[in-house]
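Please keep the sequence and the 3D view open while reading.

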Amino acid sequence: MPSFECSVEIEAPVEAVFAFHEHPDALRRLSPPFPPLKVLRRSGGLEAGAEVDLEIGPLTWQARHTAYERNRLFVDEQVRGPFRRWVHQHVFEALGPARSRLTDRVVFELPGGRLVNRVAAPAVRIALRQMFAHRHAVTKHACEL
């Protein structure tokens, strides 16, 4: 299955970086302006079992959080949406008392089978690289104050 990974180092304690992601407004703050994101429904926060329904441009997306360890990781998986499969791990690592690393790992599968995934996965990775560059810049800015 295709995958994507990128990391950023942040001059802030891991607890502060994780707390930023727990804020109810974090998803909106982390999302690039285009395509526009709208939260249609939310139940819970980042803990396992929490769900969110989104409208991202013309697409609808339902995600469920499946794993949660405070200050270490949380995982969300697509329940319904544009991918055949989508699992996103957010991994937080303390590099010292005031320095952290955030790593986003995404495993995805597009509908349409092996050929579609082979042909389209590079374009998906480009879009993910742009999205996570934005997300990591926002996180650094918010946490390194």
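Contact here means heavy atoms within 4.5 Å. Leaving aside neighbours within four places in sequence, V106 is in contact with P2, S3, F4, W86, V87, H88, L128 and F132. The model is predicted, so local features need pLDDT of at least 70 and side-chain atom pairs count only at pLDDT 80 or more, while totals for chains, interfaces and linings use all residues. Residues are numbered from 1 along each chain as its sequence is written, and side-chain values use heavy atoms, with hydrogens and water left out.

**Nonpolar cores**

- A nonpolar core is a set of buried Ala, Val, Leu, Ile, Met, Phe, Trp, Tyr and Cys residues joined through side-chain atoms within 4.5 Å.
- Buried means under 20% relative accessible area, exposed means over 50%, and partly exposed lies in between (1.4 Å probe, protein chains only).
- The largest nonpolar core has 15 residues, and F83, W86, V106, F108 and L128 touch the most other members.
- At least two residues of this core come from each of β1 (3-10), β3 (51-56), β4 (59-69), β7 (99-109) and α3 (114-143).
- Helices (H or I, at least four residues) and strands (E, at least two) are DSSP runs, numbered from the N terminus.
- The top contributor to this core is α3, with four residues.
- A second, separate core has 13 residues, including I10, F18, F74 and F92.

**Cysteines**

- A disulfide is a pair of cysteine sulfur atoms within 2.5 Å.
- The whole structure contains zero disulfides.
- C143 counts as buried because its relative accessibility is 13%.

**Salt bridges**

- Side chains of opposite charge can pair when their charged atoms come close.
- A salt bridge is a side-chain nitrogen of Lys or Arg within 4 Å of a carboxyl oxygen of Asp or Glu.
- The count by this rule is 13 salt bridges.
- R105 and E5 form one of them, at 3.0 Å from N to O. R105 lies in strand β7 and E5 in strand β1, so this pair ties together parts 100 residues apart in sequence.
- R105 is partly exposed, at 32% relative accessibility.
- E9 and R99 form another, at 2.3 Å from N to O. E9 is in strand β1 and R99 in strand β7, so parts 90 residues apart in sequence are tied together.
- E9 is partly exposed at 32%, and R99 is partly exposed at 30%.
- E22 pairs with R70, their closest N and O atoms being 2.9 Å apart. E22 sits in helix α1 (residues 14-22) and R70 in the loop between β4 and β5 (73-80), 48 residues apart.
- E22 is partly exposed at 29%, whereas R70 is exposed at 51%.
- Salt bridges with shared partners join E9, E11, E93, R99 and R101 into one network.

**Aromatic pairs**

- Rings of Phe, Tyr and Trp (its six-membered ring) pair if their centres lie within 6.5 Å; planes under 30 degrees apart count as stacked, over 60 as edge-to-face and the rest as tilted.
- The whole structure has nine aromatic pairs.
- W61 and W86 form an edge-to-face pair, 5.2 Å centre to centre with 90° between the planes. W61 is in strand β4 and W86 in strand β6 (residues 85-96), 25 residues apart.
- W61 is buried at 14%, and W86 is buried at 6%.
- Ring pairs also link F18, Y68, F74 and F92 into a cluster.
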